[in-house]
Amino acid sequence: MADGNKIKDYSDHIDKEIMSTSCSMKVKLSKVVENLNLEIIHKASDFEDVELVSAEINRPGLQLTGYLEKFPHERIQVIGSVEYTYLTSLDQGMQYERFRGILAYKLPAIIFSYNKPINQDVVDLCDYYDVTLLRSPLKSTRLISDMSDEIEYQLAPSTNVHGELLDVYGMGVLIMGKSSVGKSETALELINRGHRLIADDMVDIVAVSNKLTGTSPENIRHYMEIRGLGIINVRRLYGSGAVKVNTDIDLVIELEQWKEDFEYDRLGLDEHYIEILDVKVPHIVVPVRAGRNLALIVEVAAMNQREKYLGYNAAKVMTDNIFRETSKNSGKTL
């Protein structure tokens, strides 16, 4: 029996399935603006080139009072309801001077939340100092949360792997294995059973907060390649309920051709893991041979893993019951 809590090393053939790994230490401001649908009031001349290196956001309340020591000007600045109320309590000349004080620093961008009206002096100052000015209808806390999540996601370490990623009973299941082992056919049968496809063939993975999130490259999203059939569009054939943009990866299932001389795990007592981007994910190997219903096995594996997350391990409960019964019987006198 294998050692418990074993971590599978990428020294075997799975290593060959990893296409690239990167950690983008910068993210384009323009990408964040596009993804969050922010309104552009004024676009700086270097708008397309501005890069963010931190997911932290600043609300410049203290700076608007005139205190500029240790001003974190490298962060995006958000003018929320409190800052806006304070500014509008000042006369127009003081408002101008306070804004000029913070815009004199090179800011990546300044954003007004709640769709607050922006006077022309602020627009003119942003034009003069060449700072991007944005606006959002969201309240400040929601805006900052969404922006931080988006920037953190874009800055996260990432990799690409060959495989199928599906949502099976609410569990993100990554199916991997050598070419022609049956990954796409298994994924297609799972879709036919009502589960949702995230990615076929190529899976983009990012690691955020010790969790893996997978999605499909946009140019092949919702498409599948089935040998002998060709390319199909899963969304068009099965409807929008059969696809999903992304999911956390909760389980990795590796399909491999059945090895007659290999002893496969029959109890499931030991926990096996695989490391992707330094994140451990539960990992099981499923041998493939004629007559095995792989889609059904994947479904059961997903449900069983969910039970483990909830604190129930069927193999452990059964063996404990057998051990107790054996101990009880061995204590009886004949």
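What radius of gyration does the chain of 334 residues have, and what would a compact globule have? The chain has 27 Å, whereas a compact globule of 334 residues would have a value near 20 Å.

## Basis of the description

This is a predicted model, in which local features need pLDDT of at least 70 and side-chain atom pairs count only at pLDDT 80 or more, while totals for chains, interfaces and linings use all residues. Residues are numbered from 1 along each chain as its sequence is written, and side-chain values use heavy atoms, with hydrogens and water left out.

## Overall dimensions and fold

The radius of gyration is taken over C-alpha atoms, and the globule rule is 2.2 Å times the number of residues to the power 0.38. Along the principal axes, the C-alpha atoms fill a box of roughly 100 × 60 × 35 Å.

Nine helices and 19 strands make up the secondary structure listed for the chain; these are DSSP runs numbered from the N terminus (helices H or I, at least four residues; strands E, at least two). Of the contacts (heavy atoms within 4.5 Å) between residues at least 6 apart in sequence, 71% join residues at least 24 apart.

## Burial

Of the 334 residues, 44% count as buried, that is, under 20% relative accessible area, with exposed meaning over 50% and partly exposed in between (1.4 Å probe, protein chains only).

## Loop between strand 8 and helix 4

Tyr114 lies in the loop between strand 8 (110–112) and helix 4 (120–129), and Asn115 lies in the loop between strand 8 and helix 4. Tyr114 has a positive phi of about 60 degrees although it is not a glycine; phi of Asn115 is also positive, near 55 degrees. Tyr114 is partly exposed at 38% relative accessibility, and Asn115 is partly exposed at 39%.
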